[in-house]
Amino acid sequence: MRCPFCGNLETQVKDSRPSEDGAAIRRRRSCSECGGRFTTFERVQLRDLMVVKRSGRRTPFDREKLERSISIALRKRPIDQDRVDRMVSGIVRQLESMGETDIPSDTVGGLVMEALKSLDVVAYVRYASVYRDFRETSDFAKFLGDEGLNETIDEPHDIKQGLGEQDISPSDDA
């Protein structure tokens, strides 16, 4: 494994253990050249998945891209990173177990929406706003109505609690 600090190809594994969800092996490594320490994860990959975009273009499935899009939706939400990792692993396992190598992007998005809905409603709505390309506030209102989410908000102060003024500080670049 190449050292991310100096590029040296000679690194040593100092410790190996299963990750929390058991879907990966966590390895602590050190570089014999610069002494840098870093962690790698080894995961089982059953098959090479390709995501078929709406335009018909095919791109390799990228777990990190999936993690990034989910973390954007969950930004400043009180969700433990272990739960997010388990969710991502579950989505990847579902995709791999479908038996197909070409997965429509709608399928990936649908699985993410389903997982986020059960994890955090605010993140679910955030993700949906990008995934379904909301352009106006009426798109949000229609989505919330269709999903039955507006019934959980009784009064305007509930919205403030859900989105949280505490989530926005003066130093944020929002």
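1. Strands β1 and β2 (residues 24–31) run antiparallel to one another and are joined by seven bridges, where strands are DSSP runs of E with at least two residues, helices are runs of H or I with at least four residues, and both are numbered from the N terminus. Two strands are taken to pair if DSSP finds at least two bridges between them.

2. Because the model is predicted, local features need pLDDT of at least 70 and side-chain atom pairs count only at pLDDT 80 or more, while totals for chains, interfaces and linings use all residues.

3. Strand β2 is also joined to β3, again by seven bridges and in the antiparallel sense, and here Arg28 has Thr39 of β3 as its bridge partner. The two strands β2 and β3 make a hairpin with five residues between them, and Gly35 in that turn has a positive phi of about 80 degrees.

4. Taken together, these strands give an open sheet of three strands in the order β1-β2-β3, with antiparallel pairing. At its edges lie β1 (11–18) and β3 (37–43), each of which pairs on one side only. Neighbouring strands of the sheet are turned by 25 degrees against each other on average, direction ignored, with axes being lines fitted to C-alpha atoms and angles running from 0 to 180 degrees between N-to-C directions.

5. Met1 is placed in the segment before β1. Leaving aside residues up to four places away in sequence, Met1 touches Asn8, Leu9, Thr11, Arg29, Phe38 and Thr40, a contact being heavy atoms within 4.5 Å. Met1 and Ser30 are 29 residues apart in sequence, and their C-alpha atoms are 10.0 Å apart in space.

6. Turning to the aromatic rings, those of Phe, Tyr and Trp (its six-membered ring) pair if their centres lie within 6.5 Å, with planes under 30 degrees apart counted as stacked, over 60 as edge-to-face and the rest as tilted. By this rule there are five aromatic pairs. The ring centres of Tyr124 and Phe143 are 5.5 Å apart and their planes stand at 45 degrees, so this pair is tilted. The pair links distant parts of the chain, as Tyr124 belongs to helix α4 (residues 121–131) and Phe143 to helix α5 (residues 137–147), 19 residues apart. Both Tyr124 and Phe143 are buried, where buried means under 20% relative accessible area, exposed over 50%, and partly exposed in between (1.4 Å probe, protein chains only).

7. For Tyr127 and Tyr131, the ring centres are 5.9 Å apart and the planes are at 25 degrees, so the pair is stacked. Both residues lie in helix α4, four residues apart, which is about one turn of the helix. Tyr127 is buried at a relative accessible area of 14%, whereas Tyr131 counts as partly exposed at 21%. Ring pairs also link Tyr124, Phe134, Phe140 and Phe143 into a cluster.

8. For the chain as a whole, there are six helices and six strands, and buried residues make up 31% of the 174 residues. Of the contacts with a separation of 6 or more, 45% are between residues 24 or more positions apart.

Terms used: Residues numbered from 1 in each chain as written. Heavy atoms only, no water.
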